[in-house]
Amino acid sequence: MSVRVLGVDPGLTRCGLGVVEGSGGRLGMVAVGVVRTPASSDTGERLAYLQDQLDVWLDRFDPDAIALERVYAADHVPTVMTTAQASAIALLAGARRGLPVVTHTPTEVKAAVTGSGRADKAQVTAMVTRILELEVAPKPADAADALALAICHLWRGGGDARLALAAASERARLKAAGAKAAAR
């Protein structure tokens, strides 16, 4: 049985989303995209739109886990704040659905995908394209980063991936039991 992970590269203006599925070393892209919100809109409206779009992805792709980029302190505090707000949306969505949400640092993701924690965005995009055997590189970088997060989680998650698989099995069992009870 394979595990499906939704990678989230959080951002309020651009939030990268990527779904990767795999078992063992074989991985495949299920979907990739970017949710965009206009900077001119109210922050609350932007967060609500992001939540709505994340719910659409969770309903459509039914992941077993969410891999989220860990927010780190940078020089530009407003950017850190909006990234943290977008991260909170993914954390809340996972908690409401009983999905494990695991954070990975940018360095961990780069190391998992490229072999170097100091890789640049072009190197990450090139390796994501190669690992997932894509004909075209995912663009913009937020989309490639979301796929890289999912790959990192599947390759480095270890126990987390096994927990996600167990949770997926339990959700499938409950879903089947509910359908059986409804048919009676």
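A salt bridge is a side-chain nitrogen of Lys or Arg within 4 Å of a carboxyl oxygen of Asp or Glu. Asp145 and Lys121 form such a salt bridge, with their closest N and O atoms 2.7 Å apart. Because Asp145 belongs to helix α5 and Lys121 to helix α4, the pair ties together parts that are 24 residues apart in sequence. Asp145 is buried, with a relative accessible area of 10%. The structure described here is a predicted model.

The protein chain has six helices and five strands. Along the sequence, these elements follow the pattern β-β-β-α-β-α-β-α-α-α-α. The protein chain holds 184 residues, and 42% of them count as buried. Contacts between residues at least 6 apart in sequence were also examined, and 63% of these join residues at least 24 apart.

Six salt bridges were found in a search of the whole structure. One of the pairs is Glu21 with Arg4, at 3.1 Å from N to O. Glu21 lies in strand β2 (residues 14-23) and Arg4 in strand β1 (residues 3-9), so this pair links parts 17 residues apart in sequence. Glu21 is partly exposed, and its relative accessible area is 28%.

A further salt bridge brings together the side chains of Arg26 and Glu133, at 3.4 Å from N to O. Arg26 sits in strand β3 (residues 26-36), whereas Glu133 sits in the loop between α4 (121-131) and α5 (141-156), so the pair ties together parts that are 107 residues apart in sequence. Both Arg26 and Glu133 are exposed. For Glu133 the relative accessible area is 56%. The phi angle of Glu133 is near 55°, a positive value in a residue other than glycine. Glu133 also lies 7.8 Å from Gly28, C-alpha to C-alpha, although 105 residues separate the two along the chain.

The loop between α4 and α5 also contains Pro140. A cis peptide bond joins Lys139 to Pro140, with omega at about -5°.

On the α3 side, the contact involves Glu108, Val109, Ala111, Ala112 and Val113; on the α5 side, it involves Ala148, Leu149, Ile151, Cys152, Trp155 and Arg156. Nine residues of this contact are nonpolar, none is polar and two are charged.

The largest nonpolar core has 22 residues. Within this core, the residues with the most contacts are Val5, Val20, Leu27, Val128, Leu132 and Ile151. At least two residues of the core come from each of β1, β4 (65-69), α3, α4 and α5. Helix α5 supplies the largest share, seven residues. Another core, of 21 residues, lies apart from the largest one and includes Val8, Leu47, Phe61 and Ile89.

Gln85 belongs to helix α2 (residues 77-97). Gln85 is partly exposed, with a relative accessible area of 29%. Leaving aside neighbours within four places in sequence, Gln85 is in contact with Leu12, Thr43 and Leu47. Gln85 and Gly44 are 41 residues apart in sequence, and their C-alpha atoms are 10.0 Å apart in space.

Asp62 lies in the loop between α1 (43-61) and β4. Its phi angle is near 45°, a positive value in a residue other than glycine. Asp62 counts as partly exposed, at 39% relative accessibility.

Technical notes
Residues numbered from 1 in each chain as written. Predicted model: local features only at pLDDT ≥ 70, side-chain atom pairs only at ≥ 80, totals over all residues. Heavy atoms only, no water. Helix = DSSP H or I, 4+ residues; strand = E, 2+ residues; numbered from the N terminus. Buried < 20%, exposed > 50% of the residue type's maximum accessible area, 1.4 Å probe, protein only. Contact = heavy atoms within 4.5 Å. Nonpolar A, V, L, I, M, F, W, Y, C, P; charged D, E, K, R; others polar. Core = buried A, V, L, I, M, F, W, Y, C linked by side-chain atoms within 4.5 Å.
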